[in-house]
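Subject: Structure handover

Hello,

Here is the structure I promised to pass on. Please open it alongside this email; my notes follow below.

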Amino acid sequence: MKYRIQMLRRAHADFASTVAYLYERSPQGAAVWVNAFEKAKNRLAEYADSCSEADENYRFDIDVKQLLFKTRRGRVYRLIFTIAENEVRILRVRGPGQAGIEPVDL
């Protein structure tokens, strides 16, 4: 493992609200999403430095990157993160139709 992964408080809140939303509609769908999320986190641990800049990178004084991951139904989610030495800090988790982030959103 190249990078250690840390999820910041707001990313945890994003994760929890997404799982709750999906669980209300389909407990199985929520479980599948969590699995896709965990796979995406594992990819970050190895390949975070090769991910693209986040769409909103220009708004920040730090380098903000994103990793896109899909559900089996094709919905695209984003892990928005930054790299600090050997640590990936997941800043936010965004889903389809959610607005980009601003510095005040961290």
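In this predicted model, α1 lies across β1, β4 and β5. Its direction is at about 40° to β5. Helix α2 also packs on the sheet, where it touches β1, β3, β4 and β5. The direction of α2 makes about 140° with that of β3.

The sheet itself is open and has five strands. Their order is β1-β5-β4-β3-β2, and the pairing is mixed. β1 and β2 (52-53) stand at the edges with a single partner strand each, so one side of each has no neighbour in the sheet. β2 pairs with β3 in the antiparallel sense, over two bridges. There, S52 stands opposite Q66 of β3.

Now α1 in detail. This helix covers residues 9-25, 17 residues in total. From first C-alpha to last it reaches 25 Å, close to the expected 24 Å. Which of its residues are buried? They are A11, D14, T18 and L22. Seen down the axis of α1, the buried residues fall within an arc of 55°, so they line one face of the helix. The face turned away from the buried side carries exposed residues R9, Y23 and E24. Cover for the buried residues of α1 includes β1 (4-7), α2 (27-47), β4 (76-84) and β5 (87-94).

A11 deserves a look of its own. This α1 residue has a relative accessible area of 0%, under the 20% cut-off, and is therefore buried. Beyond its neighbours within four places in sequence, A11 is in contact with I90, L91, R92 and V93.

Next, the nonpolar cores. The largest has 20 residues. L44, F69, L79, F81 and I90 have the most contacts inside it. At least two residues of this core come from each of α1, α2, β3 (65-70), β4 and β5. α2 gives the most, with six. Take I90 as an example: leaving aside neighbours within four places in sequence, its contacts include I5, M7, A11, L44, L79 and F81. Another core, of six residues, lies apart from the largest one; F60, V64, I80 and L91 are among its members.

Best regards

Technical notes: Residues numbered from 1 in each chain as written. Predicted model: local features only at pLDDT ≥ 70, side-chain atom pairs only at ≥ 80, totals over all residues. Heavy atoms only, no water. Helix = DSSP H or I, 4+ residues; strand = E, 2+ residues; numbered from the N terminus. Expected span 1.5 Å × (residues − 1). Buried < 20%, exposed > 50% of the residue type's maximum accessible area, 1.4 Å probe, protein only. Arc of directions from axis to C-beta. Contact = heavy atoms within 4.5 Å. Core = buried A, V, L, I, M, F, W, Y, C linked by side-chain atoms within 4.5 Å. Pairing = 2+ DSSP bridges. Axes fitted to C-alpha atoms, helices over the stretch in contact; angles between N-to-C directions.
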